[in-house]
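Reader: Could we go through a few side chains and ring pairs in this model together?

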Amino acid sequence: MLMESDSPVSKKSRLVNSVDCAMEEAPSNAVGVNQSLHWTQWQVLENTGSLLLPFVYCASKSPDTAAWVKLDQLLEATLTNEVGRKASTSQGSALLRVAASVFIEIQALQDLRRTFLGSKNVSFHHAPIFGLICGLVGFDSETVQRAYMFVTMRDVFSAATRLNLIGPLAASVLQHQVAADAERMVQKWRDRDVSEASQTAPLLDALQGCHAYMFSRLFCS
């Protein structure tokens, strides 16, 4: 029995098992150190759902250029700090450029780019242009709203990774762990008119406005 247990096959099995255990434990340990990130994640998702998801929904449910212009102008008046406003318009205009370059068969996107890009009549805020583009591409409004929440969640973990707060593996684990909470927030805030849009995390808004005063500016978004 001793000879059998010390056979090369047994030793290899023990080695593989020990490595598997170590790999299974690593993500848990990595995430455990940063459990406080969950609170930031939930707060950001809650604010995105309450403030921006109505603009995404209204732009996607009936993708119409005239309606989108009104939504864009309303969000321009709604956002209270310059940093957030500039980040939103920068991301939105970039998104339109990419979408118009990729989906060349969708004439509405080409018309949008030709008519409004560079115009002072619209600001190209990210939330309404995201909803409009997804609606024109053919996504239903529920999928579009869920996708927008996913993008928000992904960007938070991406920023945490770039700041070296967590590693890529821990970020993937955290994203999986928060998925159920993100879905609950989608269900809570989905299908709302822009008249119901509200700011639920004013402290985040105030802090974001201070970004322009930092000596080393980290991100635009």
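Author: To begin with a term, buried means under 20% relative accessible area, exposed over 50% and partly exposed in between, with a 1.4 Å probe and protein chains only. By that rule Tyr148 is buried, with a relative accessible area of 5%. This is a predicted model, in which local features need pLDDT of at least 70, side-chain atom pairs count only at pLDDT 80 or more, and totals for chains, interfaces and linings use all residues. Residues are numbered from 1 along each chain as its sequence is written, and side-chain values use heavy atoms, with hydrogens and water left out.

Reader: What parts of the chain does the pair of Phe130 and Tyr148 tie together?

Author: Phe130 lies in helix α7 (residues 126-137) and Tyr148 in helix α8, so the pair ties together parts 18 residues apart in sequence. Helices here are DSSP runs (H or I, at least four residues), numbered from the N terminus. Phe130 counts as buried at 9% relative accessibility.

Reader: And which rings form a cluster?

Author: Ring pairs link Trp68, Phe116 and Phe124 into a cluster. Both Trp68 and Phe116 are buried.

Reader: Changing topic: is Gln145 buried or exposed?

Author: Gln145 is buried, with a relative accessible area of 0%. Gln145 is found in helix α8 (residues 141-162).

Reader: What does the side chain of Gln145 lie 2.8 Å from?

Author: A polar atom of that side chain lies 2.8 Å from the backbone nitrogen of Asp191. Leaving aside neighbours within four places in sequence, Gln145 is in contact (heavy atoms within 4.5 Å) with Leu53, Val56, Tyr57, Arg190 and Asp191.

Reader: Where is Ser88?

Author: Ser88 is in helix α5 (residues 82-102) and is buried, with a relative accessible area of 10%.

Reader: Which side chain does Ser88 make a polar contact with?

Author: The side chain of Ser88 makes a polar contact with that of His125, at 2.9 Å. A polar contact is a pair of N or O atoms within 3.5 Å; within protein, one must be able to donate a hydrogen and the other to accept it, and residues adjacent in sequence count only if both atoms are side-chain atoms. A polar atom of the Ser88 side chain also lies 3.0 Å from the backbone nitrogen of His126.

Notes: Helix = DSSP H or I, 4+ residues; strand = E, 2+ residues; numbered from the N terminus. Phe/Tyr/Trp six-rings, centres within 6.5 Å; stacked < 30°, edge-to-face > 60°.
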